[in-house]
Amino acid sequence: MSAVEDRLAGIGLTVPEVVPPVAAYTPAVRTGSYVYVSGQLPMVAGAMAATGKVGADVTPEQAKELAQASALNAIAAVKSVIGDLGRIKRVVKVLGMVNCAPGFGETPQVIHGVSEFYYEVFG
């Protein structure tokens with residue numbers, strides 16, 4: 001088990017199985033020393049953890065947790081390509097999309113939940 005998986009265990013998480021693609025894409029692909037991850041959803045145990053618009057059906061706090069679930073699925077996709085998560089040197093870029101209600105202005109805080117999660121997991 002890698003230090004990354006130890007840190008995940010320390011916060012009560014394990015790396016899930018890779019979420020099977022729901023369309024014509026590959027969850028992650030390696031090219032050179034980089035791994036590119038396709039968009040990930042907040043799937044937990046094979047089902048969407050929640051649906052709806054942030055600011056209407058989903059609170060910003062819930063959305064942040066859902067973003068972190070998506071980030072954990074991205075880690076699973078990377079692990080499926082490289083095996084040992086200890087080989088990760090840096091997360092270079094995080095992109096996120098938030099399905100939000102009109103007038104919702106806290107999208108950066110939701111996506112920042114991913115950055116905070118990655119900092120906790122990778123240091």
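# Reading exposure, pockets and helices in a predicted model

User: Does Ala45 count as buried, partly exposed or exposed, and at what relative accessibility?

Analyst: Ala45 counts as exposed, because its relative accessibility is 83%. The classes rest on relative accessible area, computed with a 1.4 Å probe on protein chains only: buried is under 20%, exposed is over 50%, and partly exposed lies in between. The model is predicted, so local features need pLDDT of at least 70 and side-chain atom pairs count only at pLDDT 80 or more, whereas totals for chains, interfaces and linings use all residues. Residues are numbered from 1 along each chain as its sequence is written, and side-chain values use heavy atoms, with hydrogens and water left out.

User: Where is the place of Ala45?

Analyst: Ala45 is in the loop between β3 and β4 (47-48). Helices (H or I, at least four residues) and strands (E, at least two) are DSSP runs, numbered from the N terminus. Although Ala45 is not a glycine, its phi is positive, at about 55°.

User: Which residue takes a positive phi just after α2?

Analyst: That residue is Gly83, with a phi of about 80°.

User: What span should α2 have, and how far apart are its end C-alpha atoms?

Analyst: The general idea is that the expected span of a helix is 1.5 Å times one less than its number of residues. For the 23 residues of α2 this gives 33 Å, and the end C-alpha atoms are 33 Å apart, so the two values agree.

User: Which residues point the same way in an α-helix?

Analyst: There are 3.6 residues a turn, so residues three or four places apart point the same way. In this structure, Ser80 lies in helix α2 (residues 60-82). A polar atom of the Ser80 side chain is 2.6 Å from the backbone oxygen of Ala77. Ser80 counts as partly exposed, because its relative accessibility is 47%.

User: How far is Ser80 from Val18 in sequence and in space?

Analyst: Ser80 and Val18 are 62 residues apart in sequence, and their C-alpha atoms are 7.1 Å apart. Ala56 lies in the loop between β4 and α2 and is exposed, with a relative accessible area of 55%.

User: What joins the side chains of Glu5 and Lys79?

Analyst: A polar contact of 2.9 Å joins them. Such a contact is a pair of N or O atoms within 3.5 Å; within protein, one atom must be able to donate a hydrogen and the other to accept it, and residues adjacent in sequence count only if both atoms are side-chain atoms. Glu5 lies in helix α1 and counts as buried, because its relative accessibility is 16%.

User: Which residues line the largest pocket nearest its centre?

Analyst: Of its 44 lining residues, Val37, Ala74, Lys93, Leu95 and Tyr118 lie nearest the centre. The largest share of this lining, nine residues, comes from α2. By class, the lining has 30 nonpolar, nine polar and five charged residues. Nonpolar covers Ala, Val, Leu, Ile, Met, Phe, Trp, Tyr, Cys and Pro; charged covers Asp, Glu, Lys and Arg; the others, Gly among them, are polar.

User: What is the volume of the second largest pocket?

Analyst: Its volume is about 330 Å³. It is lined by 19 residues, and Met43, Val44, Ala69, Leu72 and Asn73 are the closest to its centre. Here too α2 gives the most, with five residues.

User: Which residues of the largest nonpolar core touch the most other members?

Analyst: A nonpolar core is a set of buried Ala, Val, Leu, Ile, Met, Phe, Trp, Tyr and Cys residues joined through side-chain atoms within 4.5 Å. The largest has 24 residues, and Leu8, Ile75, Phe117 and Tyr118 touch the most other members. Helices α1 (3-10), α2 and α3 each supply at least two residues of this core, and the largest share, ten residues, comes from α2.

Note on methods: 1 Å grid on protein atoms, 1.4 Å probe; cavity = no way out; pocket = protein on both sides within 12 Å on 5 of 7 lines; lining within 4 Å. Points joined across faces, edges and corners; volume = space filled by probe spheres on them.
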